[in-house]
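Reader: I am new to reading protein models. Could you take me through this one step by step?

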Amino acid sequence: MQSNYAKQGKTTAIVAYLTIVGTIIAFFMNQDDKNSFAAFHIRQALGIHISFYLLGALTSMFDSWMISSAFYVFIFMLIIYGLISAFKEEQKPVPFLGARFQEWFTFIQQK
C-alpha cells in the first residue's frame, strides 16, 4: 500500500474505470486537488475506453461472434486489472498499452 495520498485519490481512481462518463467525472473530480494517484488511473481508464471504441470499430468490420467476444473479454479484463490495481492502491499500468497511455494523455495533470 502507498501513502495516505493514494487513499485520498482512491475513490476518484475507481470511478474512472466504471464507464467513459465515469472517466470524465473523475477527471473533473481531480481538477481541484490534482492527486497523482488518481491522475495515473484516469489516464489508464481513458486509454482503455478510447481503445474500446477504436478497436470496436475495427472488429465490427468482421462479422464474427468469436472475434467480437474475444474483443469484449480483452477489454473487460483490462478494466478489471485497472480496478484491482486501484483498489490495492497500486500504480501498475495495464498490459500492452498502459505505459503509452501515461505518455499520450499527459494533459491530465498531476501535482
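This is a predicted model: local features need pLDDT of at least 70, side-chain atom pairs count only at pLDDT 80 or more; totals for chains, interfaces and linings use all residues.

Reader: Which residue pairs with Lys10?

Author: Lys10 meets Glu89 in a salt bridge, at 3.6 Å from N to O. Lys10 lies in helix H1 and Glu89 in the loop between H4 and helix H5 (98–104), so the pair ties together parts that are 79 residues apart in sequence. Helices are DSSP runs of H or I with at least four residues, numbered from the N terminus.

Reader: Is Glu89 buried or exposed?

Author: Glu89 is buried, at 3% relative accessible area, whereas Lys10 is partly exposed at 22%. Buried means under 20% relative accessible area, exposed over 50%, and partly exposed in between, with a 1.4 Å probe and protein chains only.

Reader: And what is the phi of Glu89?

Author: Glu89 has a positive phi of about 60°, although it is not a glycine. Most residues other than glycine have a negative phi. Phe96 also has a positive phi, of about 75°, and is not a glycine. Phe96 is found in the loop between H4 and H5, and counts as exposed at 71% relative accessibility.

Reader: Back to the salt bridges: what does Glu103 pair with?

Author: Glu103 pairs with Arg100, the closest N and O atoms being 3.5 Å apart. Glu103 and Arg100 are 3 residues apart in helix H5, so about one helical turn separates them. Another salt bridge joins the side chains of Lys92 and Glu90, at 3.5 Å from N to O.

Reader: New topic. How do H3 and H4 cross?

Author: The axes of H3 and H4 come within 11 Å and cross at roughly 180°. Axes are lines fitted to C-alpha atoms, for helices over the stretch in contact, and angles run from 0 to 180 degrees between N-to-C directions. H3 and H4 are therefore roughly antiparallel, a label for angles over 145 degrees. Residues making the contact (heavy atoms within 4.5 Å) include Phe52 and Leu55 of H3 and Phe71 and Leu78 of H4.

Reader: Which residues make the nonpolar surface patch?

Author: The patch covers about 930 Å² and includes Leu55, Ile67, Phe96 and Trp104. Helix H3 (36–59) and helix H4 (65–87) each give two or more residues to this patch. Patches consist of residues with over 30% relative accessible area and no salt bridge; nonpolar side chains (Val, Leu, Ile, Met, Phe, Trp, Tyr) are joined within 5 Å, and like charges within 9 Å. The areas come from the Shrake-Rupley method with a 1.4 Å probe; for residues, only the protein chains shown count as cover.

Definitions and conventions: Residues are numbered from 1 along each chain as its sequence is written. Side-chain values use heavy atoms; hydrogens and water are left out. A salt bridge is a side-chain nitrogen of Lys or Arg within 4 Å of a carboxyl oxygen of Asp or Glu. Angles under 35 degrees count as roughly parallel, over 145 as roughly antiparallel, 65 to 115 as roughly perpendicular and the rest as oblique.
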